[in-house]
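Here is a short briefing to read alongside the model. Please keep the structure open as you go through the topics below.

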Amino acid sequence: MTPLAPGSTIGILGGGQLGRMLALAAARLGFDVAILDPEPDCPASRVCALHLCAAYDDPEALARLARMSGVVTLEFENVPAGALDILIRLGVPVAPGAHALAVAQDRVEEKSFLNAAGAPTVAFAPADSPEAAARATAELRGRVLIKTRRDGYDGKGQAWASSPEAAAEVFLSLGGRPVIVEAPAPFRRELSVIAARGWSGESAAFPLAENVHRNGILHLSSAPAVVTAGQATEAGRIADRILSGLDYVGVIGIELFELEDGSFLVNEIAPRVHNSGHWTQDGAATDQFEQHIRAVAGWPLGPVAARARVEMENLLGDSVQDWTAIAGEPNARLHLYGKREAREGRKMGHVNRVSPL
Ligand code: AMP
C-alpha cells in the first residue's frame with residue numbers, strides 16, 4: 001500500500017485505553033484519528049479528532065468512517081464480523097484483516113491455526129455439550145482448564161475441572177456455550193512477544209516481556225525478559241509463522257508459556273496492541289502504538305531494540321489513587337487513561353518504572 005500521508009485520517013474501532021494510546025501515537029505522526037465507539041465518554045474520545053458515537057455495526061457510522069479514513073484498524077478483537085464486511089465492501093483498507101480476527105475470536109480456531117502454522121500449544125478438544133466436555137476431559141486424563149470458545153478475557157469465562165463429572169458441571173456453569181477443554185500447561189513463567197508486520201510482509205519483534213498475573217489480570221510485565229539467545233530466536237520464529245500464516249498487518253500480542261526445558265507453547269494471540277507491550281512506551285526505540293500505526297499506514301516499521309529496562313505495573317481500580325506518589329518517583333512514567341470511575345479491577349492506567357539496561 002502507498003504510505004498514508006500525514007494529515008490523513010486513520011479510523012479506529014474501539015475507544016478504550018488502547019484506542020486512546022493509538023490515537024496519541026497517530027497524532028504524533030501527524031494523523032487525525034476518528035474513533036467509532038458506542039460509549040459517549042470513552043477514553044479515546046477525549047484525544048481524537050472525531051468520535052463517531054454509534055454501535056460497531058451501525059451501517060451509517062461505518063460508511064462515514066470508511067469515507068474519511070485512509071485505513072481502518074481496531075483496538076479489540078471482538079469487533080462484529082459484519083462491521084468488517086461493511087468496511088471491506090466500502091473499499092477502505094482494514095488492518096488487521098477479517099481472517100486474523102476470525103481466528104483470534106474463537107479459541108478452537110486459534111489453537112487449530114497455531115498448530116497448523118507450527119506454533120505449538122497445549123493439547124485441546126472442543127466441546128458443545130456436558131457429555132462432550134466430560135469425554136474430552138477423560139481423553140486428556142487429569143485436570144483440565146475449560147474456557148468458553150468466544151468472548152473470554154482477563155481470566156473470565158474459564159474454570160478448572162479435575163474429573164469428567166466436574167467438567168460437565170463446569171460446562172453448564174459457563175453458560176452451556178461451546179467451550180474448549182485444555183490440558184494444563186506446566187509452565188515456569190509466562191512470557192509474551194509483541195511483533196508487527198507491514199503490508200509488504202516485513203516484520204519485527206520486540207524483546208520478550210515476562211508477565212505476572214493476579215486474579216487472571218495482568219499485574220506486572222518486566223522487559224526485556226531474561227531469556228537465552230536460543231529462546232529469543234525461537235520466539236521470533238513463532239511470531240513470524242503466526243504473522244505470515246495470518247497474512248497479518250499491524251501489531252500482534254503473542255502470549256507464551258515457558259516450560260521447564262525452556263521451550264515455548266503459545267497460549268493465545270491478540271490481534272492488536274497488547275497490555276504486556278506497554279513497556280515499549282518507555283523502554284524501546286519505537287513503542288508498540290507507533291509501530292501499529294506505522295504498520296497499518298504503510299510506513300516503514302520502526303526499530304524495536306530495548307533502550308531501557310522497564311517494569312510495567314497495571315493500576316487497577318482504586319490503586320490509581322496513588323497517582324501523586326507515583327508522579328513523585330524519579331524513574332516512573334505514569335500513563336493514565338482518563339476513566340471517570342475507578343471500579344474494582346478496572347484498568348485505570350499503568351506505570352513504567354525505568355532503569356538502565
Ligand atoms: P487466557 O484467558 O487463555 O489468556 O488465560 C488466562 C491465564 O490462565 C493465563 O495467563 C494463564 O495464567 C492461565 N492459563 C491459561 N491457559 C492455561 C493452561 N492451558 N494451563 C495452565 N494455565 C493456563
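Asn78 is partly exposed, with a relative accessible area of 34% (buried means under 20% relative accessible area, exposed over 50%, and partly exposed in between, with a 1.4 Å probe and protein chains only). Please bear in mind that this is a predicted model, in which local features need pLDDT of at least 70 and side-chain atom pairs count only at pLDDT 80 or more, while totals for chains, interfaces and linings use all residues. Residues are numbered from 1 along each chain as its sequence is written, and side-chain values use heavy atoms, with hydrogens and water left out.

**Around Asn78**

- Asn78 sits in the loop between strand 4 (71-74) and helix 3 (81-89); helices (H or I, at least four residues) and strands (E, at least two) are DSSP runs, numbered from the N terminus.
- Leaving aside residues up to four places away in sequence, Asn78 touches Gln105 and Asp151, where contact means heavy atoms within 4.5 Å.
- Gly16 is 62 residues from Asn78 in sequence, and their C-alpha atoms are 13 Å apart in space.

- Strand 1 and strand 4 run parallel and are joined by four bridges.
- Within this pairing, Ile10 has Val71 as its bridge partner in strand 4, and Gly11 stands opposite Val72.
- In a regular strand the side chains alternate between the two faces of the sheet.
- Strand 4 is covered on both faces: Val71 and Thr73 on one side and Val72 and Leu74 on the other are all buried.

**The nonpolar core**

- Which residues have the most contacts inside the largest nonpolar core? They are Ile10, Phe31, Val33, Trp279, Phe289 and Ile293, in a core of 39 residues.
- A nonpolar core is a set of buried Ala, Val, Leu, Ile, Met, Phe, Trp, Tyr and Cys residues joined through side-chain atoms within 4.5 Å.
- Strand 1 (9-13), helix 1, strand 2, strand 9 and helix 10 each supply at least two residues of this core.
- Helix 1 gives the most to the core, with six residues.

**Aromatic pairs**

- The structure holds four aromatic pairs; rings of Phe, Tyr and Trp (its six-membered ring) pair if their centres lie within 6.5 Å, and planes under 30 degrees apart count as stacked, over 60 as edge-to-face and the rest as tilted.
- One of these pairs is Phe31 with Trp299, which is tilted, at 5.4 Å centre to centre and 50° between the planes.
- Phe31 lies in the loop between helix 1 (17-28) and strand 2 (32-36), and Trp299 in the loop between helix 10 (288-296) and strand 15 (309-316), so this pair ties together parts that are 268 residues apart in sequence.
- Both Phe31 and Trp299 are buried.
- Phe187 and Phe257 form a stacked pair, at 4.8 Å centre to centre and 10° between the planes.
- Because Phe187 lies in strand 9 (residues 187-197) and Phe257 in strand 13 (residues 250-259), their pair ties together parts 70 residues apart in sequence.
- Phe187 is partly exposed, at 38% relative accessible area, whereas Phe257 counts as buried at 10% relative accessibility.

- Another set of four strands forms an open sheet in the order 5-8-6-7, with antiparallel pairing.
- Strand 5 (124-127) and strand 7 (158-161) stand at the edges with a single partner strand each, so one side of each is left without a neighbour in the sheet.
- From one strand to the next, the twist averages 25°.
- Strand 6 (residues 144-148) is joined to strand 7 by four bridges, and the two run antiparallel; here Val144 stands opposite Ala161 in strand 7.
- Helix 7 (residues 164-173) packs on the sheet and touches strand 5, strand 6, strand 7 and strand 8, with a direction that makes about 165° with that of strand 7.
- Helix 6 (residues 130-140) lies across strand 5, strand 6 and strand 8 (179-182), running at about 20° to strand 8.

Terms used
Pairing = 2+ DSSP bridges. Axes fitted to C-alpha atoms, helices over the stretch in contact; angles between N-to-C directions.
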